[in-house]
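Please walk me through this structure.

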Amino acid sequence: MNPVIQPLGDTALVLSVSATLEDQRRLWVMQRLLQQEFPAWWVVLGVGNLTVRFDPMIEAAAVIEHGIELAWQRSQRGLKVASHHHDVPVVYGGKAGPDLIRVAEHAGLTPKQVVERHAAGQYIVYCIGFLPGFPYLGGLDPQLATPRLDKPRLKVPAGAVGIGGAQTGIYPSASPGGWNLIGHTDLRLFDPAMIPPALLAPGDTLRFVPTEVRA
Amino acid sequence: MSLSILKTGALATVQDAGRYDGAQWGVPRSGVMDIPAWLIGNLLVGNQPDVAAIEITLGGFSARFDVDCVIAVTGAIAPVTLDKQTMGQWRSIRVRAGQTLRIGFAESGARLFLCVSGGVDVPMVIGARSTDLAGGFGGFAGRGLKAGDEVALGQAAGPAPDGWVRAPERGDVLRILPSTEWSAFTMAAHQTFLSEAWVVTPDANRMGARLAGLELPLAQPLEMTSHAVHPGVVQVPPSGQPILLLADAQTTGGYPKIAQVIRADLWRMGQFRPGETIRFVEVTLAEALDALSEQRHWLARLEMQLKWRV
């Protein structure tokens with residue numbers, strides 16, 4: 001997919017590329033470049049896209065568009081962003097993961113095999129969004145992909161580890177949610193008093209480490 | 001120096017401009033739902049325009065002051081009294097320590113702003129004093145105000161003007177620009193979107209408002225990856241009924257975006273109440289920028305005029 005830049009109303013431009021890891025790596029580089037060089041722009045990273053919000057009374061869209069194009073070109077040069085690795089301790093199954101059996105049945109595996117496969121994966125943070133500190137993770141074993149619940153739960157607790165479609169993730173705070181919950185972590189992903197407030201950043205890698213598997 | 005909350009109505013929160021830098025951590029913008037009303041309220045009490053205030057949804061609020069100060073109540077129109085004496089809105093009001101302010105139920109509009117000289121003094125969290133209700137942080141203890149709360153007030157920066165400003169007309173129109181997925185919707189959907197009188201449903205809060213009307217179908221199913229959203233985005237979930245995103249909107253979403261309310265009209269969005277109707281009118285980018293320029297000039301003129309009335 002060729003990069004496309006489109007306006008999002010009168011105060012934002014969106015760069016869309018492909019949702020591959022290769023392009024996403026370039027978006028991470030771009031995000032840092034733009035934040036450093038244009039602190040007055042608000043840069044929001046998605047999966048396969050990046051949005052710049054600006055004040056059109058201060059800067060013209062054409063200037064922003066040019067800045068985005070240049071940053072996309074520069075991101076090609078194999079620049080890397082500093083990233084961290086996180087081990088996420090997880091209690092799987094039981095009350096901590098009420099949908100572990102559903103995921104196992106859907107995958108045609110035993111609950112123990114689901115845990116093994118989930119914990120064997122190397123995950124990478126594509127971007128942060130949806131909820132404060134929530135990571136969009138790539139790297140889920142396709143066999144573990146499980147459709148979202150027909151009826152979302154009104155309250156999913158903070159720290160819940162879930163699978164929704166082909167994605168896996170961790171709820172950083174209590175919220176309504178339709179993902180299949182397979183476990184729980186005590187790791188704090190978001191704390192407004194921390195600097196920065198989110199534990200994870202785009203480009204970080206993580207692994208789920210089973211501390212306990214409950215039937 | 002504080003404000004004792006006696007009654008709050010549906011919702012009263014501390015808000016300022018919001019967390020513009022929060023999106024990188026998935027933190028919503030939050031902030032006031034009607035920026036001009038809040039800016040003008042601050043100018044009327046001699047504050048810097050971006051000082052924190054109390055945003056009150058639909059009125060039904062009362063509070064007692066323990067200090068002499070200057071206040072202004074802007075935004076939606078509601079009966080306002082000070083110790084039972086009727087007061088005007090959108091004007092500077094001198095308050096003496098011990099007096100009680102009462103704001104009745106809003107007659108038109110949905111959000112009122114109580115600005116106080118010196119501003120509302122709560123800690124800065126992630127660069128703002130705004131309340132993030134979903135996250136439970138910022139503002140006053142991360143929540144809406146309750147009867148019995150003592151809200152600290154800041155030190156007044158200088159003398160307040162004795163001023164009055166005409167409240168802007170909200171109307172029932174929001175001007176829009178077609179958004180990134182506009183062309184993914186059918187021609188019939190485009191027509192419906194621009195001709196329907198969309199009803200604001202009771203399913204409306206600071207995050208967004210669900211609108212009811214005819215269905216807005218996509219030309220064909222569309223797989224979307226997560227992308228940035230922000231206040232003023234009109235997104236369409238599979239139900240075909242649009243959602244207008246407001247100040248507390250999540251930072252990313254996955255639904256197709258049919259339109260974006262122009263920046264000059266964002267203030268109007270927060271002033272609609274459930275049961276009222278919205279019409280969307282398409283404008284050009286040049287018209288959107290002219291409207292924003294006009295709004296900024298209006299605010300700059302008011303700021304100058306009020307400075308001369310100190």
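B:Leu112 is in contact with B:Ile56, B:Gly59, B:Val73, B:Gly75, B:Ala76, B:Ala78, B:Ile103 and B:Ala106, leaving aside its neighbours within four places in sequence. Contact here means that the C-beta atoms of two residues, placed from the backbone, lie within 7 Å. The model is predicted: local features need pLDDT of at least 70, side-chain atom pairs count only at pLDDT 80 or more, and totals for chains, interfaces and linings use all residues. Residues are numbered from 1 along each chain as its sequence is written, with chains lettered from A and ligands numbered from 1 in the order in which they are written.

B:Leu112 also belongs to the largest nonpolar core, which has 155 residues. B:Ala53, B:Ile71, B:Leu112, B:Leu114 and B:Cys115 touch the most other members. Such a core is a set of buried Ala, Val, Leu, Ile, Met, Phe, Trp, Tyr and Cys residues joined through C-beta atoms within 7 Å. Buried means that 20 or more other C-beta atoms lie within 10 Å of a residue's own; 12 or fewer means exposed, and in between is partly exposed, with C-beta atoms placed from the backbone.

Helix 1 of chain B, residues 35–44, gives this core its largest share, seven residues. Helices (H or I, at least four residues) and strands (E, at least two) are DSSP runs, numbered from the N terminus.

Helix 1 of chain B packs with helix 4 of chain B, residues 285–307, at an angle of about 10 degrees, their axes 10 Å apart. Axes are lines fitted to C-alpha atoms, for helices over the stretch in contact, and angles run from 0 to 180 degrees between N-to-C directions. The two helices are therefore roughly parallel. Angles under 35 degrees count as roughly parallel, over 145 as roughly antiparallel, 65 to 115 as roughly perpendicular and the rest as oblique.

B:Pro36, B:Leu39, B:Ile40, B:Leu43 and B:Leu44 in helix 1 of chain B meet B:Leu299, B:Leu302, B:Glu303 and B:Leu306 in helix 4 of chain B. Eight of the residues in this contact are nonpolar, none polar and one charged. Ala, Val, Leu, Ile, Met, Phe, Trp, Tyr, Cys and Pro count as nonpolar, Asp, Glu, Lys and Arg as charged, and the others, Gly among them, as polar.

Now the chains meet. The contact takes 31 residues from chain A and 31 residues from chain B. On the side of chain A, strand 4 (49–53) gives the most, with three residues. That side divides into 19 nonpolar, ten polar and two charged residues.
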